Amino acid sequence: MEKVRSFLRREEGSVLVIAALAMTALMGFAALVTDVGLLYAERARLMDTADAAALAGAQELPVSLEAAEHVAGHYIERNGGDPSDFSVYAGTDPDYPGKVVRVTANSEVDFFFARVLGFTKADVGARAAATAGGATSANHVVPIGINKEQERIPGKEYTLKFNAPPDDKSGLGAGNFGALDLDGNNGGGANDYRERLKHGYKQVLKVGDVIIPESGNMAGPTEHGVSHRLNGCNHYPRCTIYHYEKDCPRVVVIPVYEIYEMQNENKVKSMKIVGFAAFLLKDYSEEGKGNNAKATIKGYFLHDYVIPGDSDPEQKNYGVYGVNLIE
Ligand SMILES: [Zn+2]
């Protein structure tokens, strides 16, 4: 009996040692779970801020490098990032053609449990880069276009849908007034044209897509569609070419095309999209009195309009830039 007691006493000591070891192991697991979780959370936070700041900055790349850096930095501050954790660079980059906005972030995470194992803190970092290049795809495109042969001058007024031949620079030939059928198939006619003028084409269009002319003047659908957009500008003061809101319904993105196939020597059968251009629609009121030619669409060329979408630094610049993350 005495032997059993002393055995048990000895075992008690072992149990304590085992319990102590188990506690350390548990703390180790807790450290892993909690502190590694903290590391990941901090890294994700830095990553999100860096990505969004790079994208925001890249929207200004067509304007200037200073503007791009300023906007990226401003974005970081406004979204709760500690500016001392981030560095922003806008300019050329050895890894990419074209200009980039690069955001790098570094911060320290203080550990709770891993201190048991001798680790008090760790460095965590993230990096992001975004670029702006000629847009190679666009959403909500409206069914008028501009022939790539036409010179595009910033701020200049262009006739994008005409009512009578003197204004025709489309190169599309007899019976066409500048309206386009963006799905590339005959059919849909005036209804499709009017709805796409109002709301934009629902499918994404890409460089290389083939589109066709939508024949006919379609004065009614033109006025309907343009009025919808003109009335949709509820900005005060009203948007002008000197100051406009980027999301104004009066800003339209249209295809820049080249003639692809001919129906006969006087008439175009189809065109190929080579890029995208943006215009601010001219107000009817700017036309002055006595002008009732609402079958016409006029707009001012915007040379640095940025849209979300694919871009390619090799893509020729027609005024619309796509912005995307490259890292
Ligand atoms: Zn507006």
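The exercises below, each with a worked solution, concern the fold of one chain in a predicted model.

Residues are numbered from 1 along each chain as its sequence is written. Because the model is predicted, local features need pLDDT of at least 70 and side-chain atom pairs count only at pLDDT 80 or more, while totals for chains, interfaces and linings use all residues.

**Exercise 1. Overall form**

Step 1. Take the inventory: the chain has four helices and 15 strands. Helices (H or I, at least four residues) and strands (E, at least two) are DSSP runs, numbered from the N terminus.

Step 2. Look at the C-alpha trace, which spans about 115 × 40 × 40 Å along its principal axes.

Step 3. Divide the chain into domain 1 (2-133) and domain 2 (137-309); these bounds come from an automatic or database domain assignment. The domain centres, taken over C-alpha atoms, are separated by 48 Å.

Step 4. Count burial: 36% of the 327 residues are buried. A residue is buried if 20 or more other C-beta atoms lie within 10 Å of its own, exposed if 12 or fewer, and partly exposed in between, with C-beta atoms placed from the backbone.

**Exercise 2. Helix α4**

Check the span of helix α4 (residues 219-232) and state where its buried residues lie.

Step 1. The expected span of a helix is 1.5 Å times one less than its number of residues. For the 14 residues of α4 this should give 20 Å, and the end C-alpha atoms are 20 Å apart, which agrees.

Step 2. List the buried residues of α4: P221, T222, G225, V226 and R229. Seen down the axis, they fall within an arc of 120 degrees, so they line one face of the helix. The arc is that of the directions from the helix axis to the C-beta atoms.

Step 3. On the face turned away from this buried side, α4 carries the exposed residues G220 and N231.

Step 4. Find the packing partners of the buried residues of α4: β6 (157-161), α3 (189-199), β11 (267-281) and β12 (297-302).

**Exercise 3. Helix α3**

Identify the buried residues of α3 and what they pack against.

Step 1. Y193, R196 and L197 are the buried residues of α3. They cover an arc of only 105 degrees around the axis, which puts them on the same side of α3.

Step 2. These buried residues pack against α4.

Step 3. Just after α3, G200 takes a positive phi of about 90 degrees.

**Exercise 4. Strands β1 to β3**

Describe the pairing of β1 with β2 and of β2 with β3.

Step 1. Two strands pair if DSSP finds at least two bridges between them. β1 (residues 86-93) and β2 (residues 96-110) pair in the antiparallel sense over eight bridges.

Step 2. β1 and β2 form a hairpin with two residues between them. D93 has Y96 in β2 as its bridge partner, and A90 stands opposite V101 in β2.

Step 3. β2 also pairs with β3 (residues 121-135) in the antiparallel sense, over 11 bridges. There, the bridge partner of E108 is D123 in β3.

Notes
Contact = placed C-beta atoms within 7 Å.
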